[in-house]
Amino acid sequence: MNGLTTTGLVRPARGKLIAGVCAGLGRRFGLSANVVRLLFVLSCVLPGAQVLVYLVLWVIMPKEGSARAVR
């Protein structure tokens, strides 16, 4: 990361499957990315806007190393 530190939610450059949202959430909250992915898939059987929330997070979470990610 070129010596820059990041705080908050960021989508990692490595370890992502689709957009890195679950990997970023897992990293931020100290969980395995696979646990977050499993929870997301299981939540899809419940009524709600899970996919919409994922898409919104994809848009608003900055990529790791981007200017928006560094504070």
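Contact here means that heavy atoms lie within 4.5 Å. With that in hand, welcome to a predicted model, in which local features need pLDDT of at least 70 and side-chain atom pairs count only at pLDDT 80 or more, while totals for chains, interfaces and linings use all residues. Residues are numbered from 1 along each chain as its sequence is written, and side-chain values use heavy atoms, with hydrogens and water left out.

View 1. Helices (H or I, at least four residues) and strands (E, at least two) are DSSP runs, numbered from the N terminus. Reading from the N terminus, the order of elements is α-α-α. Of the 71 residues, 28% are buried; buried means under 20% relative accessible area, exposed means over 50%, and partly exposed is in between (1.4 Å probe, protein chains only). Among contacts between residues at least 6 apart in sequence, 48% join residues at least 24 apart.

**View 2. Helix α1 covers residues 21-29.** Its buried residues are Val21, Cys22, Ala23, Gly24 and Gly26. They pack against two partners, α2 (33-43) and α3.

View 3. Two packed helices are described by the angle between their axes and the distance between the axes. For α1 and α2, the angle is about 120° and the axes are 8 Å apart. Axes are lines fitted to C-alpha atoms, for helices over the stretch in contact, and angles run from 0 to 180 degrees between N-to-C directions. The two helices are therefore oblique to each other; angles under 35 degrees count as roughly parallel, over 145 as roughly antiparallel, 65 to 115 as roughly perpendicular and the rest as oblique. Look for Cys22, Ala23, Leu25 and Gly26 on the α1 side, and for Ala33, Val36, Arg37 and Phe40 on the α2 side. These contact residues divide into 6 nonpolar, 1 polar and 1 charged. In this count Ala, Val, Leu, Ile, Met, Phe, Trp, Tyr, Cys and Pro are nonpolar, Asp, Glu, Lys and Arg are charged, and the others, Gly among them, are polar.

**View 4. Here α1 meets α3.** The axes of α1 and α3 come within 10 Å and cross at roughly 80°, so the two helices are roughly perpendicular to each other. From α1, Val21, Cys22 and Leu25 meet Tyr54, Leu57 and Trp58 of α3. The residues of this contact divide into 6 nonpolar, no polar and no charged.

**View 5. The largest nonpolar core has 7 residues in all.** A nonpolar core is a set of buried Ala, Val, Leu, Ile, Met, Phe, Trp, Tyr and Cys residues joined through side-chain atoms within 4.5 Å. The members to find are Ala19, Val21, Cys22, Val36, Tyr54, Leu57 and Met61. Both α1 and α3 supply at least two residues each to this core.

**View 6. Lys16 sits in the segment before α1.** Is Lys16 buried or partly exposed? With a relative accessible area of 36%, Lys16 is partly exposed. Lys16 and Ala33 are 17 residues apart in sequence, and their C-alpha atoms are 8.4 Å apart in space.

**View 7. Val51 belongs to helix α3 (residues 50-60).** Val51 counts as exposed because its relative accessibility is 51%. Val41 is 10 residues away from Val51 in sequence and 9.8 Å away in space, C-alpha to C-alpha.
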